[in-house]
Amino acid sequence: MQQITTITALQTYRKTCQGSVGFVPTMGALHQGHLSLVQAAQQDNDHVLVSIFVNPTQFNQASDLAKYPNTLAQDLQQLEAAGVDAVFLPDFALLYPDDYAYQVTEKALSTQFCGAHRPGHFDGVLTVVMKLLNLVSATHAYFGEKDYQQLRLIRGMVDAFFITTEIVACPIIREADGLAMSSRNLRLSAIERKIAPQLYATLVADTSLSAKREQLSAIGFAVDYLAVLDDRLLAAASLGEIRLIDNVPYNDRGAKA
Ligand code: AMP
């Protein structure tokens, strides 16, 4: 597996690729959710490139950024074992020669739900994804439905700016107890980890939105929002310092597992 740390090396690698290129952007601390994106990319493409970059501009709290898990050596082993062709490991100076003077902002959906609780978050996400899509020029890029609002905003950006990379959505991968896999789960205490699956269980229970909200609060979650977007019920709720997000299919008759 080739490790790429400069734009020149990325361009050289890209020129050697014949056929389709699948791109999987990540912030590292890889788990099965990320690896499912890699597998989807491998099924569809001749070459697969994964990026690992903890993007500071999408963190609205310095402490969240400082505590974001870093498991780079393990990540590289997992990607190598999965048969990934190349991994792009940029740093801030490489991706932000403008020091974030230029930003991509969406003005509607990005102000709701997670955007309402994390000011500037989606500006950071959209800006870094735009940069990565431009640099990698992949035929396909893979994103998880776990971050459903993010996925919607990235699709919207790609349409708005005529980016030719096809965006592919991948289903949420969960732990056996239902908790959606997330790098931040590593930071849950033992007690919080036991409570955390209740977020998913509550979302899919046959109850009203207000009952779900009450139940989550009663269990000990601080609920940021419960909201319907398209045909999905989205939620964000914190346990202690750790903010979890999840979503499930939802229609007039309620949620489905
Ligand atoms: P992150 O490293 O958290 O920025 O995530 C990188 C990509 O993996 C994003 O497209 C996420 O939506 C996706 N992802 C993260 N967790 C999961 C999961 N549990 N199931 C599916 N995709 C996921």
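Tyr-100 is buried in this predicted model, with a relative accessible area of 17%, and its place is in the loop between helix 5 and helix 6. The backbone of Tyr-100 has a positive phi of about 70°, although the residue is not a glycine. Asp-99 is found in that loop as well, between helix 5 (92-95) and helix 6 (114-117), and likewise has a positive phi, of about 55°, without being a glycine. Most residues other than glycine have a negative phi. In accessibility the two residues fall into separate classes, since Asp-99 is exposed, with a relative accessible area of 57%, whereas the value of 17% for Tyr-100 lies under the 20% below which a residue counts as buried.

Two further loop positions are buried. His-31 is found in the loop between strand 2 (21-26) and helix 2 (32-44), and its relative accessible area of 18% places it among the buried residues, because the class comprises values under 20%. A polar atom of the His-31 side chain lies 2.9 Å from the backbone nitrogen of Gly-33, and this separation falls within the 3.5 Å used for a polar contact. Phe-221 is found in the loop between helix 11 (209-219) and strand 7 (222-229), and is buried with a relative accessible area of 4%. Between Phe-221 and Thr-12 there are 209 residues in sequence, and their C-alpha atoms are 48 Å apart in space.

A buried position within a strand is provided by Val-50, whose place is in strand 3 (residues 47-52) and whose relative accessible area is 1%. Val-50 and Tyr-142 are 92 residues apart in sequence, while the distance in space between them, C-alpha to C-alpha, is 9.8 Å.

The second largest pocket of the model has a volume of about 180 Å³. Its lining consists of 13 residues, of which Ile-52, Phe-53, Val-54, Asn-70 and Leu-72 are the closest to the centre of the pocket. By residue class, the lining of the second largest pocket divides into nine nonpolar residues, three polar residues and one charged residue.

With regard to the cysteines, the count of disulfides comes to zero.

Confidence in the prediction was examined both for the chain and for its elements. The mean pLDDT of the chain is 97, and 100% of its residues reach 70 or more. Among the elements of the chain, the highest mean pLDDT, 99, belongs to strand 5 (residues 140-144), and the lowest, 80, to strand 10 (residues 254-255). Where pLDDT is low, the predicted coordinates should not be read in detail.

Note on methods: Residues numbered from 1 in each chain as written. Heavy atoms only, no water. pLDDT = per-residue confidence, 0-100. Helix = DSSP H or I, 4+ residues; strand = E, 2+ residues; numbered from the N terminus. 1 Å grid on protein atoms, 1.4 Å probe; cavity = no way out; pocket = protein on both sides within 12 Å on 5 of 7 lines; lining within 4 Å. Points joined across faces, edges and corners; volume = space filled by probe spheres on them. Nonpolar A, V, L, I, M, F, W, Y, C, P; charged D, E, K, R; others polar. Disulfide = S-S within 2.5 Å. Buried < 20%, exposed > 50% of the residue type's maximum accessible area, 1.4 Å probe, protein only. Polar contact = N/O pair within 3.5 Å; in protein donor to acceptor, adjacent residues only side chain to side chain.
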